[in-house]
Amino acid sequence: MRWKRRQFRHWPMACKLAIVFSVLLTVIIAVVGGLSYQMARRAMERQINHYIPQVLDQVNVRLDDYVNDVKFLSRAVMVEPYNGLLEEAFSGFGRSGPEPGLADTLSLHRALSFISLNPNKDYVAVLFYTGSGQVYIRQSAGGLWLDASYRDQPWFRNLDLDQYTPTVLGTIPFRLFGDNPYIGEWKAFSVVQPLRQKNRKALKGIIQIVGTLEPIREIMRGINFGTGTRQYVFDDRNQIVYASDDSLAGAIEESAYGMQGAESATSGSSRVTLDGESVLVSYNRSSASGWRVVSVIPLGNIMQEVEQVKEWIGIWITAGVAAVILLSSLLSVRMTDPLRRLARTTRRQVHLSASPLSPEPGGDDEVGQLGQTFRHMMRRVQTLLNEMLKEKLIYREAEIRTLQSQIHPHFLHNTLETIRMTIRTGNSERGEQGLVELGQLLRYHASSLQETVQVQAEIQFIHSYLSIQRFRYGDRLSFKLDVDEELGEVHLPGLLLQPLVENAIIHGVSPVDQRIRITVRLKRQGGYMICSVIDEGPGIPPDRLDALLASLRQETGAAGKRIGLENVYQRIQLIYGDQAEFHMESMDGAGTIVGFSIPLEGERSTAKEECHHESADCG
């Protein structure tokens, strides 16, 4: 039973509808919410993937401007007055031999003064390499000559000696001297400009501009994609010009930096995993310089807004599901309320004792129409059943009267026969006394045609009846009446005990001494009265007893043929129904107990109530 109640098909209709509605709407909300989140996430990712390269493109424009400024500065020595001073110094170098003279050095120093006159303090030195294997270093603290051939420099092979255009060296290690704040070895940004001899294509010398990385750092500080972001600037030779980690500046790009595939594309973004961390690698390549600006951004930084959207969508989905469950429950209860009322009405109408149906307001939908139709049908059924009930009650009352009247000819014949035998034996006085007792019995019988009599009247009748029987059996017959005093005024159907007493007299002769000993016992047990008639006769074999009880419970045909035990059994069944119980107990050679139990007046239902509970039989 518990397992059946757990099955879905045994649940109340309101629960089923609420669950079905909730599940369907929850699935719809979850699907819509999930799709909305995915669409929002993809849209934001597209915007991010498009926005970051655009930012990097603007950075690249500024870097190109800076590089072009440095290139332009490296060519300043080719214009007057610096070009004239440079030619004067070269002429002196040719006359003075391998060691430059003081006057020539001063001319060169003045020719390189453009570096100190530039308002941008980020240029810290300019170097001039001669063809004789010497280099003059001009800085704010002064200048000096060192032995250094440009042919020994690592960048020499990258020079453009065809067009003599500037070459950007990017980030290089450099050492200054004197009171310069950048004294010692440090990383600098550098550009070299080869110079050719006048009216000739031969290399005359090389100018090298050296500046700090501060302008590039200032440009890169303008972009910020959150904590943990790594910024890189690569030149056209894949050398790191700038990195968030200064120790990487000047190094050659490695695949561990997450730049795979960025060499050929102009701009783009891709997701990669570096050191177990998911990152977004965005890059932009300058079409002018070939430099690349790369940002390695932890996905957590750029997905914060996406996660916030996800959280809000989750909150709205949860709130929507809760609202759906609440509304589904209310709607289901509201929709099924007419059905529940109809079910309760149906259960009440199973018992015909329920009050008549009263009109209830209902809707015009299918459920409302069903309820109105059902009430109309039940009122019609009640009318028909009331008519059938009246007929049933009339029939039962007539049948009870018929059974009761059956006692009269049967009992009268036996009593007259007893008196006749008494007078025939010569005992006329006792015969006369018997006739007096018979008159009393007939008067009681006439009064007992009413429905019930008191127990004390019925016991008095049994006493008179047994007294008459003693005219016939003499001292062989003895009897005992054992009745609770509290039952004296209790009512029971008249002449209900007499057939049992008569049966005990006929079949209760003791096989030992041929005497007849009868005990009539009426006791109260709970809400019932237990009536028993006990004899000490030969008893009834078990198989015969079972057959006898079975025959009593079967319909035996016309009421006129029911006498004795059948009469008592049928009468208590008609009057009390299932509340009465007929019992027979017997042991072979030890006597028989025949009796019945009936509810007391305050405990039993009326015949009309019994018919209500047995509505199936009333039809």
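1. Helix 14 is largely enclosed by the rest of the structure, because ten of its twelve residues are buried. The model is a predicted one, and the points below should be read with that in mind. The buried residues of helix 14 are Leu-565, Asn-567, Val-568, Tyr-569, Gln-570, Arg-571, Ile-572, Leu-574, Ile-575 and Tyr-576.

2. The geometry of helix 14 may be considered next. The helix covers residues 565-576 and reaches 16 Å from its first C-alpha to its last, which is close to the 16 Å expected at 1.5 Å a residue. Gly-577 follows helix 14 and has a positive phi, near 65 degrees.

3. Helix 12, formed by residues 498-507, is also mostly covered, with seven of its ten residues buried. The buried residues in helix 12 are Gln-498, Pro-499, Leu-500, Val-501, Glu-502, Ala-504 and Ile-505. One of these, Gln-498, has its C-alpha atom 9.5 Å from that of Ile-459, although 39 residues separate the two along the chain.

4. Ile-459 itself belongs to helix 11, which spans residues 455-473. The relative accessible area of Ile-459 is 12%, and this residue is therefore buried, since buried means under 20%. Apart from neighbours within four places in sequence, Ile-459 is in contact with Leu-481, Val-483, Leu-497, Val-520 and Leu-522.

5. Strand 15 comprises residues 516-525 and pairs with strand 16 in the antiparallel sense over eight bridges. Within this pairing, Arg-521 stands opposite Ser-532 of strand 16. The hairpin of strand 15 and strand 16 has two residues between the strands, and Gly-526 in this hairpin takes a positive phi near 65 degrees.

6. Strand 16 is mostly covered, with six of its eight residues buried.

7. Attention now turns to the largest pocket, whose volume is about 450 Å³. The lining is made up of 20 residues, of which Gln-153, Pro-154, Trp-155, Ile-172 and Gln-208 are the closest to the centre of the pocket. The elements giving two or more residues to this lining are strand 1 (123-130), strand 2 (134-139) and strand 4 (167-176). Strand 4 gives the most, with five residues. By class, the lining of the largest pocket has 13 nonpolar residues, five polar and two charged.

8. Strand 4 also contains Leu-169. At a relative accessibility of 5%, Leu-169 counts as buried. When neighbours within four places in sequence are left aside, Leu-169 is in contact with Trp-155, Ser-190, Val-191, Val-192, Gln-208, Asp-235, Arg-237 and Gln-239. Two of these contacts deserve a remark: Trp-155 and Gln-208 are in contact with Leu-169, and both are among the residues closest to the centre of the largest pocket.

Note on methods:
Residues numbered from 1 in each chain as written. Predicted model: local features only at pLDDT ≥ 70, side-chain atom pairs only at ≥ 80, totals over all residues. Heavy atoms only, no water. 1 Å grid on protein atoms, 1.4 Å probe; cavity = no way out; pocket = protein on both sides within 12 Å on 5 of 7 lines; lining within 4 Å. Points joined across faces, edges and corners; volume = space filled by probe spheres on them. Helix = DSSP H or I, 4+ residues; strand = E, 2+ residues; numbered from the N terminus. Nonpolar A, V, L, I, M, F, W, Y, C, P; charged D, E, K, R; others polar. Expected span 1.5 Å × (residues − 1). Buried < 20%, exposed > 50% of the residue type's maximum accessible area, 1.4 Å probe, protein only. Contact = heavy atoms within 4.5 Å. Pairing = 2+ DSSP bridges.
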